Amino acid sequence: MNVASQVIDLRERKKVATRAALRRAALDLVLVHGPEGATVDEIAAAAGVSRRTFFNYYASKEDAVLGITPPQILNYSASTVPILQLALSGKGLSEQQLFDL
């Protein structure tokens, strides 16, 4: 493995870790404070990143909770749509159901 590929691998690992930290923070805050009580600023702070960094990974706090990044939106199957509708309805999903999306 050459130095350039090692740098890319490290960069990709950091991106994956940041994305996971943001999603975990979003889930934790929404579970504690509800969807309306959690803010992007709180999610970013809990993940140890800036608000700007948050928006490099997710378009909204709802996307962070669901783990939806722009390219993934096109990958959802028809069987996922009812789960997403339930999640967005505010009727609640368990943490495990959110991670299973």
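# Burial and side-chain pairs in a predicted model

Student: Does asparagine 56 count as buried or exposed?

Tutor: The relative accessibility of asparagine 56 is 58%. The classes are buried (under 20% relative accessible area), exposed (over 50%) and partly exposed (in between), with a 1.4 Å probe and protein chains only. With 58%, asparagine 56 therefore counts as exposed.

Student: What kind of model do these values come from?

Tutor: Residues are numbered from 1 along each chain as its sequence is written, and side-chain values use heavy atoms, with hydrogens and water left out. Local features need pLDDT of at least 70, side-chain atom pairs count only at pLDDT 80 or more, and totals for chains, interfaces and linings use all residues, the source being a predicted model.

Student: In which helix is asparagine 56?

Tutor: Helices (H or I, at least four residues) and strands (E, at least two) are DSSP runs, numbered from the N terminus. The run that holds asparagine 56 covers residues 51-57 and is helix α3.

Student: How far apart are the C-alpha atoms of asparagine 56 and threonine 69?

Tutor: Along the chain, asparagine 56 and threonine 69 are 13 residues apart.

Student: How many helices and how many strands does the protein chain have?

Tutor: From the N terminus on, the elements run α-α-α-α-α-α-α. The count for the protein chain is zero strands and seven helices.

Student: Is the ring pair of phenylalanine 54 and phenylalanine 55 stacked, edge-to-face or tilted?

Tutor: Rings of Phe, Tyr and Trp (its six-membered ring) pair if their centres lie within 6.5 Å; planes under 30 degrees apart count as stacked, over 60 as edge-to-face and the rest as tilted. This rule gives two aromatic pairs. In the pair of phenylalanine 54 and phenylalanine 55, the ring centres are 5.0 Å apart and the planes stand at 85 degrees, so the class is edge-to-face.

Student: What class does the ring pair of phenylalanine 54 and tyrosine 58 have?

Tutor: The ring centres of phenylalanine 54 and tyrosine 58 are 6.1 Å apart. Their planes are at 45 degrees, so the pair is tilted.

Student: Which residue of the aromatic cluster is partly exposed?

Tutor: Phe54, Phe55 and Tyr58 form one aromatic cluster. Phenylalanine 54 and tyrosine 58 are both buried, phenylalanine 54 with a relative accessible area of 0%. A relative accessible area of 37% belongs to the partly exposed phenylalanine 55.

Student: How many residues are in the largest nonpolar core?

Tutor: A nonpolar core is a set of buried Ala, Val, Leu, Ile, Met, Phe, Trp, Tyr and Cys residues joined through side-chain atoms within 4.5 Å. In the largest one, Leu22, Ala26, Ile43, Phe54, Tyr58, Ala64 and Val65 have the most contacts inside the core, whose residues number 16.

Student: Which helix supplies the largest share of this core?

Tutor: At least two core residues come from each of α1, α2, α3 and α4 (61-66). The largest share is six residues, and its source is α1.

Student: What is the N to O distance in the salt bridge of arginine 51 and aspartate 41?

Tutor: A salt bridge is a side-chain nitrogen of Lys or Arg within 4 Å of a carboxyl oxygen of Asp or Glu, and the count comes to three. For arginine 51 and aspartate 41, the closest N and O atoms are separated by 3.0 Å.

Student: How many residues apart in sequence are the parts that this pair ties together?

Tutor: Arginine 51 is partly exposed at 43%, and aspartate 41 is partly exposed at 45%. Their C-alpha atoms are 5.8 Å apart. Arginine 51 lies in helix α3 and aspartate 41 in helix α2, so the pair ties together parts whose separation in sequence is 10 residues.

Student: About how many helical turns separate glutamate 12 and lysine 15?

Tutor: The salt bridge between glutamate 12 and lysine 15 has its closest N and O atoms 3.7 Å apart. Because the two are three residues apart in helix α1 (residues 3-33), the separation of glutamate 12 and lysine 15 is about one helical turn.

Student: In which helix are aspartate 28 and arginine 24?

Tutor: The side chains of aspartate 28 and arginine 24 meet in a salt bridge at 3.3 Å, N to O. Aspartate 28 is partly exposed at 34%, and arginine 24 is partly exposed at 32%. The two are four residues apart, about one helical turn, in helix α1.
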